[in-house]
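My notes follow, in the order I made them.

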Amino acid sequence: MRVASALTVAVLIGSAVEGRQVKLDVAMANPYLVADKKQVTYMKIGLTGFEFEDVAKRTPVNIAIVLDRSSSMSGEKMEKAKQAAIMAVDRLGEDDIVSVIAYNHGVSVLVPATKATHRGNIQDGIRKLRATGTTALFAGVSKGAAEIRKFLDRNRVNRVILLSDGLANVGPQTPGELGELGSALIKQGISVSTIGLGDGYNEDLMAELALRSDGNHAFAQTPAQLAKIFNYEFGDVLSVVAQEVVVTIDCEPGIRPVRVLGRKADISGQRVVATLNQLYSRQEKFVLLEVETPPRPHNDVLDIGKVEITYANMETKTTDELTSAVAVRFTKSEEEVALQVDRLVMVSCVGLIAADRNKRALALRDQGDVEAARRMLISNGEYLSVNASSLESPDLDQQAGWNNDDAINLDAGKWKIQRKKMRAYQYEMDNQLMNSSR
Amino acid sequence: MLIVLMPIGLLALLGVRLAQDEQRRVDDQLRALMRARLHDVGRSCMAVVHSTELELLKRLAVPSLDAWDLRELTRAQRRLRQVFVLDPQGLLLYPGAVGEQTIEERAFIERTRSVWEGGEAFFEPEFEAGPTPAPVAGQTGSSFESVGRVWGRGLRRGASSAKPLSAATKTPHATQADYGWHTWFWGTGMHYLFWSRNHKLGRVIGAEVDRMDMLSEIIGVLPASGESTARLPTGLTRLVNARGKTAYQWGDYEPPENSEPTVRASLDAPLEMWSLQYFSAPGDLAGAGVRVRYTWALALGAVSLVLVLAAVYFYRENSRELREAGERVSFVNRVSHELKTPLTNIRMYAEMLDGNLPEEDETSRGYLDIVIQESRRLSRLITNVLAFARKQKEEVAVRTRSGDVDDSVTSVIETHRPSLTARGIEVSLKLRAGGMVLVDIDALEQILGNLVSNVEKYASAGGSLAIRTGRDGSMTWIEVTDRGPGIPAGRAAALFEPFQRLENSLTEGASGTGIGLSIARDLARAHGGDLVHKDSDGGATFRFTLHTPEVHDEDSSG
């Protein structure tokens, strides 16, 4: 009995649409709402990337690998980073463009943006790296972006992959400033994926830069994990099927859009706009909108809103548009409401709500209130466990475990590492990156 | 030694001065060069700003003021962080009503509060004649005008209070600019507003510029560290922000902390608070200086070496001459001894012959006189040489006997008279030292003889020789004055050194051993007196004194 699907209509606009489309799935967490009562529910706009027909015809990429080579990277870190980058370059094809940048107090362009036809030369450039000096992270990313701009093309996946193990200490160095840079880069179609290595980097800065530019953020506790993370990242980058995804939700009069969970979105009046830079093949990304509904009588059907998405289809090289709408039905029966809950939407909601609480716990710990943070994390674990069993979700169960793990690692000695784990987890939840290395 | 060291010292001083000047000149040239290159770099930074301007002008030339279109502009367009719309008086129309702001718009208003409230007017409020201003069409249809006042409090300004625009602002119209920049400080740094006048809509449409994008793009056009930069030498170049913090740097050199840049250049508005700073590595700017210094040290060293070599050469030459002179003297000494015996015999027999010659044989007597005179002259020369030889062996001694000084003087003059007469020298005598005193007549005659023969040799052109004598207690003085060329000032001291002869055109050709005055003075000093040269008008005066105690009666009888 999936009423939601009956109420959801996805419409393809445009006659010239050929090839496959992104799958748009708009659903309410509660397709049935309690009658005669003002309440809050969630709308999920799910987007799933299609699969390329011919793997060889995947979207060409334009990648800048930006490596920290400050003195703190010396030794195993540098070696593993080089190995990971060399291995990643191996996965590139002849249509791809790659550049390699290394930074310490200054920035060196080891390999200027070039087609990945001579991978050996590129890898030789990486092998020459030696670690020394301080950390001009902003300049490193800027130079990486400059290399990408040389061949900037909306039909490529344009991405900076930043690896750092330290604090930026030359140039702009606050999370806010790097966030501004990320926001500016996404407007140019460039995302920055950030990989933090070890316990010395600024996870807020790295996460903010990735978040604002819609890249990925990952935490590598040991240099040995770098290969895996680079692999994930390249897997993502190489499987992009849609870019510049703009989700516009126009809520019907009387429906109040409250907030978008996790993601950054503009809410003004009845309109909500959220952007997702990239959709990966067979992966789902979603926007979760919290809405407040007015009280309605039994059996009333209420339109919640219309959804419109536009995106650049990387297979057809066209800008495609999809629309959909969603409605809810009111009932006096609370059993009916409970019965009709959309399990998948609820799992997403619970995950994001829990991630939000995890953020608050982190903030409490930052303020030095270890006990309050611990209590919040334990209750968050319980919240996830309860929902995991009622919604039969192993994912939520896993997240419950992470929160419990966080709760017991708040002491000074473990906090530095744990904070990075939490930040990476929150980032993955907000951006639906299920490649956690935890 | 001083003769060698002084020029070297002077040269060194001169060299250092010249090297410093050269260093300064090279430094100045390098600085000028680096400044020029920094300005080049500055221009490429400003090129980013200008392309930003152009792109913004294009983006902000919107056909209408629909709030969602403006939002879309903010969302999608690069370089724009937030679009805003002002009415001609500077009232903020968009972002507008509190309830309809997005989070980003609220943040923008928070950031720019000081601009709208306490800030200064940053554009000329007057519009040229144009259509009626269009209201910003909000999505809900409400005008932003009313709510704009909430944020626009205090924004209305008369034309008189508007300030002229900054230097960066281009002014296509003579009276008012159509676009420009405004900077303000918020949070941790400078923020930048760009505005342009939309005459069609009668509005000022502006945007907060994406400052990190601009910086990032500037960094993108600046050289990277590894690049071989023809733009600047091997030092470090820094882009320094309004707060004096390094935003970007390139070059392989790491200057010590807190070191001052070699040159710096400010950027233009709106980045006038930013600067480019160049720190020269020890290898480039200073390096040129080191090269300069090396060159100078090398030149100086060469000159010093030449001087030292010359000194060594002259010293060796001098000592060789001295040695040779010594050998000459020793040889002459030995020869003189050998000559003395036959000469004594010649003189003895010539004088004997003189006594025996008949009175009438005038011719023979004349010849004999010459033989006697010349042999006496030769005898005197030999005595001189022997005296010098004695002096070399520190054996100068006088043996006094009773005698009359004036008689001895007369005798010496008479002896010389033929040769003096032959040279046309008139002799005048004023002798007032008569009486018997204890004196070494031989020494007296040798001193005086030397002085007189000097007059013969060097001052014959003067045609005059005056000799005055006198007594002052137990001292007898004798002055010999000529009217010859005299002794050049500064050479008097050297006169009495052995082998010194005043080499000038007048004495050239004259012969002499160069030991006469030396011996004369030694003898005078041995005799308890001295020989000095006195300045006189047009000629030379030598005065010597001798210690001549008066002879007592018992001695005089003996």
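**Entry 1**

I began with a helix pair: the axes of H5(A) and helix H6 (residues 211-221) of chain B come within 8 Å and cross at roughly 80°. Axes here are lines fitted to C-alpha atoms, for helices over the stretch in contact, with angles from 0 to 180 degrees between N-to-C directions. H5(A) and H6(B) are therefore roughly perpendicular to each other (65 to 115 degrees counts as such; under 35 is roughly parallel, over 145 roughly antiparallel and the rest oblique). Helices (H or I, at least four residues) and strands (E, at least two) are DSSP runs, numbered from the N terminus.

I then listed who meets whom (contact means heavy atoms within 4.5 Å). From H5(A) come Glu177(A), Glu180(A), Leu181(A) and Ala184(A), and from H6(B) Arg211(B), Met212(B), Asp213(B) and Ser216(B). By class, I noted three nonpolar, one polar and four charged residues in the contact of H5(A) with H6(B).

A note on conventions: this is a predicted model, where local features need pLDDT of at least 70, side-chain atom pairs count only at pLDDT 80 or more, and totals for chains, interfaces and linings use all residues. Residues are numbered from 1 along each chain as its sequence is written, chains are lettered from A and ligands numbered from 1 in the order in which they are written, and side-chain values use heavy atoms, with hydrogens and water left out.

**Entry 2: the whole interface**

How many salt bridges link chain A and chain B? I found three (a side-chain nitrogen of Lys or Arg within 4 Å of a carboxyl oxygen of Asp or Glu). One salt bridge joins the side chains of Arg211(B) and Glu180(A), at 2.8 Å, N to O.

**Entry 3: within chain A**

Over all chains, the salt bridge count comes to 51. I looked up Asp165(A) and Lys77(A), whose side chains form one at 2.9 Å, N to O. Asp165(A) lies in the loop between strand E8 (157-164) and H5 of chain A and Lys77(A) in helix H2 (residues 76-90) of chain A, so the pair ties together parts 88 residues apart in sequence.

Last, I checked helix H9 (residues 343-366) and helix H11 (residues 394-407) of chain A: their axes come within 11 Å and cross at roughly 10°. H9(A) and H11(A) are therefore roughly parallel to each other.

Technical notes:
Nonpolar A, V, L, I, M, F, W, Y, C, P; charged D, E, K, R; others polar.
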